[in-house]
Amino acid sequence: MSLIKSRKRVTDHGEVFTPEWLVNAMLDLVKGESERIDSRLLEPACGSGNFLVEVLQRKLAAVDLKYGKSEFEKKHYTLLAVMCIYGIELLEDNLTECKANMLKIISDYLNLGVSDHFYQAASFVLLQNLVLGDALTMRTKNDQPITFAEWGYCGKGKFQRRDFRLDA
């Protein structure tokens, strides 16, 4: 993977991608948190998802270890893992790529098709948790305050949601 898409993007937006080895080295510094299923992580310049993808993979390894024997629990804790990952990105093409990368990992892990309700749920969560905006101003592309959903797993397949703004 190239660390830049174009010189113009580097000049205009300061866009440079973090290599996988550095992503892993940085996440190893907070290993316990990056592998905890319900630990929340915000990447304020998520790009195509280098950090978020690796965090998701670490969380899914924890799901597999703890809940791999129960298909019901595995699916619901996978959804919780996704619900605890947040990203903000300035460039729309990067955000689209990030969402696709995350969905591919989830669908491969749970063997889901696009019509499966868990795939659709994960897609909805990613639409809420990955935001097109500017983390420096805490505003969306439409100049609205960035708002995220805080998700919680109540057990037995039930989740709760509470919205909050990052500027408040």
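Student: Which residues does Asn24 touch, not counting those up to four places away in sequence?

Tutor: Asn24 touches Glu54 and Arg58 once those sequence neighbours are set aside. Contact here means heavy atoms within 4.5 Å.

Student: What should I know about the model and the numbering first?

Tutor: This is a predicted model, where local features need pLDDT of at least 70 and side-chain atom pairs count only at pLDDT 80 or more, while totals for chains, interfaces and linings use all residues. Residues are numbered from 1 along each chain as its sequence is written, and side-chain values use heavy atoms, with hydrogens and water left out.

Student: OK, back to Asn24. How far is Asn24 from Glu54 in sequence and in space?

Tutor: They're 30 residues apart in sequence, and their C-alpha atoms are 7.5 Å apart in space.

Student: Is Asn24 buried or exposed?

Tutor: Asn24 counts as buried, because its relative accessibility is 19%. The cut-offs are under 20% relative accessible area for buried, over 50% for exposed, and partly exposed in between, with a 1.4 Å probe and protein chains only.

Student: Which helix is Asn24 found in?

Tutor: Helix H2, which covers residues 20–28. Helices are DSSP runs of H or I with at least four residues, strands are runs of E with at least two, and both are numbered from the N terminus.

Student: And which are the buried residues of H2?

Tutor: Val23, Asn24 and Leu27. Seen down the axis of H2, they fall within an arc of 95°, so they line one face of the helix. That arc is taken from the directions from the helix axis to the C-beta atoms.

Student: What covers the buried residues of H2?

Tutor: The cover includes helix H3 (31–35) and helix H4 (50–67).

Student: Let's look at Val53. Where is its place?

Tutor: Val53 is in helix H4. Val53 is buried too, with a relative accessible area of 15%. Leaving aside neighbours within four places in sequence, Val53 is in contact with Asn101, Met102 and Ile105.

Student: New topic, helix packing. At what angle do H6 and H7 cross?

Tutor: Helix H6 (residues 92–110) and helix H7 (residues 117–129) cross at roughly 150°, and their axes come within 10 Å. That makes H6 roughly antiparallel to H7. Axes are lines fitted to C-alpha atoms, for helices over the stretch in contact, and angles run from 0 to 180 degrees between N-to-C directions. Under 35 degrees counts as roughly parallel, over 145 as roughly antiparallel, 65 to 115 as roughly perpendicular, and the rest as oblique.

Student: Which residues meet there?

Tutor: From H6 there are Lys99, Met102, Leu103, Ile106 and Ser107, and they meet Tyr119, Ala122, Ser123, Leu126 and Leu127 of H7. By class, that contact has 7 nonpolar, 2 polar and 1 charged. Ala, Val, Leu, Ile, Met, Phe, Trp, Tyr, Cys and Pro count as nonpolar, Asp, Glu, Lys and Arg as charged, and the others, Gly among them, as polar.

Student: What about H5 and H6, at what angle do they cross?

Tutor: Helix H5 (residues 71–83) and H6 cross at roughly 170°, with axes that come within 11 Å. H5 and H6 are therefore roughly antiparallel to each other. Lys74, Lys75, Thr78 and Val82 in H5 meet Ile106, Tyr109 and Leu110 in H6. The classes in this contact are 4 nonpolar, 1 polar and 2 charged.
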